[in-house]
2 protein chains.
Amino acid sequence: MASEARRLAGSLRTDHIDEEVVLKGWVQKRRDLGGLIFIDLRDKSGIVQIVFNPDVSKEALRTAESVRSEYVVEVRGQVVKREGSTVNNLIKTGEIEVLVSDLEIINKSKNPPFLIQDETDVSEDLRLKYRYLDLRRSTVQETFKLRHRTTQVIRNFLNDNDFLEMETPILTKSTPEGARDYLVPSRVHAGEFYALPQSPQLFKQLIMVSGFEKYFQIARCFRDEDLRADRQPEFTQVDIETSFMTSDEIMDMTENMMQKVMKEVKEIELTLPLPRMKYQEAMDRYGSDKPDTRFALELIHISDSVKDSSFKVFQSAVENGGKVALLNVKNQAANYSRKDIDKLTDFVKVYGAKGLAWLKVEGDELKGPISKFLSEEEVVAIKNKADASDGDLLLFVADKSSVVYDSLGALRQKLAKELNLIDENKFNFLWVTDWPLLEYDEDTERYSAAHHPFTMPMDEDVSKLSTDPGNVRAKAYDLVLNGYELGGGSLRIYQREQQDKMFAALGFTPEEAEEQFGFLLEALEYGAPPHGGIALGLDRVIMLLAGRSNMRDTILFPKTASAADLLTDAPSEVAAKQLDELSIQLNKKNDQKS
Amino acid sequence: MASEARRLAGSLRTDHIDEEVVLKGWVQKRRDLGGLIFIDLRDKSGIVQIVFNPDVSKEALRTAESVRSEYVVEVRGQVVKREGSTVNNLIKTGEIEVLVSDLEIINKSKNPPFLIQDETDVSEDLRLKYRYLDLRRSTVQETFKLRHRTTQVIRNFLNDNDFLEMETPILTKSTPEGARDYLVPSRVHAGEFYALPQSPQLFKQLIMVSGFEKYFQIARCFRDEDLRADRQPEFTQVDIETSFMTSDEIMDMTENMMQKVMKEVKEIELTLPLPRMKYQEAMDRYGSDKPDTRFALELIHISDSVKDSSFKVFQSAVENGGKVALLNVKNQAANYSRKDIDKLTDFVKVYGAKGLAWLKVEGDELKGPISKFLSEEEVVAIKNKADASDGDLLLFVADKSSVVYDSLGALRQKLAKELNLIDENKFNFLWVTDWPLLEYDEDTERYSAAHHPFTMPMDEDVSKLSTDPGNVRAKAYDLVLNGYELGGGSLRIYQREQQDKMFAALGFTPEEAEEQFGFLLEALEYGAPPHGGIALGLDRVIMLLAGRSNMRDTILFPKTASAADLLTDAPSEVAAKQLDELSIQLNKKNDQKS
């Protein structure tokens, strides 16, 4: 129809009045009013109102009568000023409209299964099945524009800092450590499998051994785990590795990058350096290794004051090597009934706590079921340490340390939400450092790597690797934002001898280490430079920047909690011939569709 | 040792004379000479000579004696001017050297299995096993810097043109059309499989249906095919899709992008618009749908002139619907013996030709075994059409059209190389347009899509889809560079009805189409915009820009022709427990390692 170049609907302003324009887009809404037809026309830039008037074109008006929501149309028309009361200040084009002289229907649409609008209460399953309609909603479109801008800022920053973007393989070797691998049967090598990478960890270390010194990749990673709300079988990480840099230099570089992201994407000035906190302090103060520091409500430790208490729950927790700690919920004594506190008790039980003791501050006194067991000195000590005053509610957990941390850490977060203590406009970044290198697994009765087996121990702790492995700290650092782990990194072991010792501490025989990681061990013998890096979970970064609470909102075609794609119906059955070629067969019991 | 900031070895110049610098890097080479030790120190920026002199530091000299090739060292020293005859103009730092006062060995290296040098004749298998050493060679490092710069230029161009970079899934649905899929067994959905994408084709179309209008991705793609020299099981494509743009607009945009790449990466000014040639013309003139236009040596068609020839080979080829064509190899009659021509005959037989007839031009005459069968008129016609003159060698193939094209097209390329007709400094881009939509497969006796089943037929040919499918042309375009296909694209079908007809032409029943592509067909019913795009093979682009002839040189960790990674030893056997969890088992006959 039109030879003129197309204009974007959302770009039209009063400057364009009297111009003749061509628009292409989707029908958001049609209203018939007083012999006229009004259509909200939507394209990727936004919405403009177009008007069909019989005085301008009877033919266009007639065609407009057949137009329905989500039809794709092309129109030509003149930009005109809206009359006073018809101005719509809710949209940027609200001071003008387009008087249509020509209308062409480019493609029709069936009636969509749900309305394309910003807020929707349609079930997520239906939205995922018709993801291409869900993605038309402007709030969703904004998330992906933000995702694009964020990766572009990150890439430009790293490019300006002499990093090379490099691609590591997706078809790689299975290493049974860590999470479960996705496997890919090989056709050529019958009986053998590739694995999809859980991260490019080993490859990025090999890139350092290759002498590139500064690598990054916005890398797809895969984990075949049972999914939680914020997990996806495939996810994306900003993967960075450098040679010859210290932990501090890597953290500095990373926070400069995040400063740039916050400024260019959110127009927020991040003050550097970002606060840093040691792992143990984070656990002690917040009961979490990824504390949300937007609010206080910190853990208060009273083990010393109650270790001889006649309240046996406190006394025995300390005696058995555990802890007693409390949260002081300021001014909330009156607002929490016994029933409310019972609910909180149920909540902390999920985290392994056997109970939740409580006291209310009334004047100078502590009142509650356990008060009678506490001595005068204990009451004074608790009040002092907790900075308790009239009307406060004190909530106690006494248990082994991990349970005290986990339960009070979670309770702290829950109460902050309930009591509206969180300023949602804050972006509180925090580095957590000085992590333990190893974790003891009580089930398998052996140590496993807290991050991964390539993390370097702190120099002063190296000697403890064989004697006291639980107390070896790592040259590792995590970046936390608002209570979420954005990612983490470390310096890596770059000498074969030390890597051998690390595998030994993890209970590998030399043969097992060789079998699984022989290529890395060998690479360390050919002039590996000191190196380290970081990986940030891009999906989670986007989720927080976009103010979403669900990771699926940040992924274009996400999978459900059962790792299914409802749009394409993946995974699905395949032809017997395909399995034959791969030299595999289904287990008999699963031969029929599950 | 050093608190000063590190300097890069390759960055030092005469400007830095007298400066004290800290360097970190690898020992490229050590020479002991007259009580001094000279080391070529290499880092990612290049090489500088460092000198150990007992007058500066006896201790550093002593340590230097233990240093071997590929050790990682840190040195402190003073930049000094080299004496006249010791200046080395082969390296950029050749006018200076660094007099070392401190040396620390950061990591040792075993004697590497091959020398780290620009040119190497070590077997590729050994280089791939020790890829991290192979990657240290400066020519190889340059390739990956070029790859980074190229993708950065492409991303910035597309960003500036309002494209959004978006990530499509790697775990997706198997569609048995096209090449063989890599499959991934699902653990949660026992007996079902994901497939790795051969391209993001369907997802990028769905992104258009989602209303994003301009998408790109530097996308990993997977094909489980038997590999040739320029194929890899996983490869990367620059994947672009747009809505509401014409073929011409997409080609214009793409060539603007390539112009930017050539300028910023190769400092070459590309003249636009790029030449465009219809598929049929490319076949007729060059015997190839991706002609190398850096040299002439075009096919000369003489079917009309020899259709009644008494040389039966010519006459019957034409009678049976085939062709007769020749190459005129100018001035080479004297240089090709009968034995040489026999070798060329063997060469064309690989492409299905039954033989290679030949004539040499001697004065006004055509001499050779077939000359006696040709009439005076035929000789005149051949000489005129071929513009033949004394000393030329004429090489004929008479066969069905596809054989004539394939064999002479390949012969043309072979002769150009042998005779040095190719200017290696030229970058001859070419668009090939007006492709056939469908190809007839004589084995299966059905049509298949020449590009893919979503390509739009030309408007004027639509009606032939059911009556004369072999002559329907597509709205498709390929970008060719120096005889290689960089990639291709098309406008896509955006209306359900037309897509249904296309599947019918391809021999799908409606049920089969629904089973495999139902989600796309349904999406086309909800207001799909007109859309189209292009995909460029990034690995091949890099290969040509870097002047390499092997795609493996452009991939960081490539796989061999049997799709194996010699470094990590992938694919490999996996634990029985892993297979159990995936509800699959190996076929009995393949239970032992192949």
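Analyst: What follows is a conversation about this model, taken topic by topic.

User: Before the details, what kind of model is this, and how are things numbered?
Analyst: This is a predicted model, in which local features need pLDDT of at least 70, side-chain atom pairs count only at pLDDT 80 or more, and totals for chains, interfaces and linings use all residues. Residues are numbered from 1 along each chain as its sequence is written, chains are lettered from A and ligands numbered from 1 in the order in which they are written, and side-chain values use heavy atoms, with hydrogens and water left out.

User: Into which domains is chain A divided?
Analyst: Chain A has domain 1 (9–107), domain 2 (142–277 + 478–553) and domain 3 (295–422). These bounds come from an automatic or database domain assignment.

User: How far apart are the centres of domain 2 and domain 3 of chain A?
Analyst: Their C-alpha centres lie 39 Å apart.

User: What rotation superposes chain B on chain A?
Analyst: A rotation of 180° with 0.0 Å of shift along its axis does so, with an RMSD of 0.1 Å. The two copies are therefore related as by a two-fold rotation axis. The same surface serves both copies, since 100% of the contact residues of chain B recur in chain A. The superposition is by least squares on the C-alpha atoms of residues with pLDDT of at least 70 in both copies, and contact means heavy atoms within 4.5 Å.

User: New topic: how many salt bridges are there over all chains?
Analyst: The count comes to 104 salt bridges over all chains. A salt bridge here is a side-chain nitrogen of Lys or Arg within 4 Å of a carboxyl oxygen of Asp or Glu.

User: Where do A:Glu581 and A:Lys577 sit in helix H17 of chain A?
Analyst: They are four residues apart in helix H17 (residues 576–581) of chain A, and are therefore separated by about one helical turn. Helices (H or I, at least four residues) and strands (E, at least two) are DSSP runs, numbered from the N terminus.

User: Which residues do salt bridges with shared partners join into one network?
Analyst: The network consists of A:Arg147, A:Arg220, A:Glu234, A:Asp539, A:Lys559 and B:Glu167.

User: Let us turn to the backbone. Which residues does a cis peptide bond join?
Analyst: One such bond joins A:Leu272 and A:Pro273, with omega of about -5°. A:Pro273 lies in the loop between helix H6 (247–266) and strand E11 (276–278) of chain A. Another cis peptide bond joins B:Ala570 and B:Pro571, also with omega of about -5°.

User: Why point these out?
Analyst: Most peptide bonds are trans, and most residues other than glycine have a negative phi.

User: What is phi at A:Asp18 and at B:Ala563?
Analyst: A:Asp18 has a positive phi of about 85° although it is not a glycine, and phi of B:Ala563 is near 60°. A:Asp18 is exposed at 56% relative accessibility, whereas B:Ala563 is buried, with a relative accessible area of 5%.

User: Next, which residues of helix H7 of chain B are buried?
Analyst: In helix H7 (residues 279–286) of chain B, they are B:Tyr279, B:Ala282, B:Met283 and B:Tyr286. Seen down the helix axis, the buried residues fall within an arc of 105°, so they line one face of the helix. That arc is taken from the directions from the helix axis to the C-beta atoms.

User: What do they pack against?
Analyst: The buried residues of H7(B) pack against strand E11 (276–278), helix H12 (401–418) and strand E17 (429–433) of chain B. H7(B) is followed by B:Gly287, whose phi is positive, near 65°.

User: Finally, what is A:Thr568 in contact with?
Analyst: Leaving aside its neighbours within four places in sequence, A:Thr568 is in contact with B:Lys173, B:Phe203 and B:Phe519. A:Thr568 is buried, with a relative accessible area of 3%.

Note on methods:
Buried means under 20% relative accessible area, exposed over 50%, partly exposed in between (1.4 Å probe, protein chains only).
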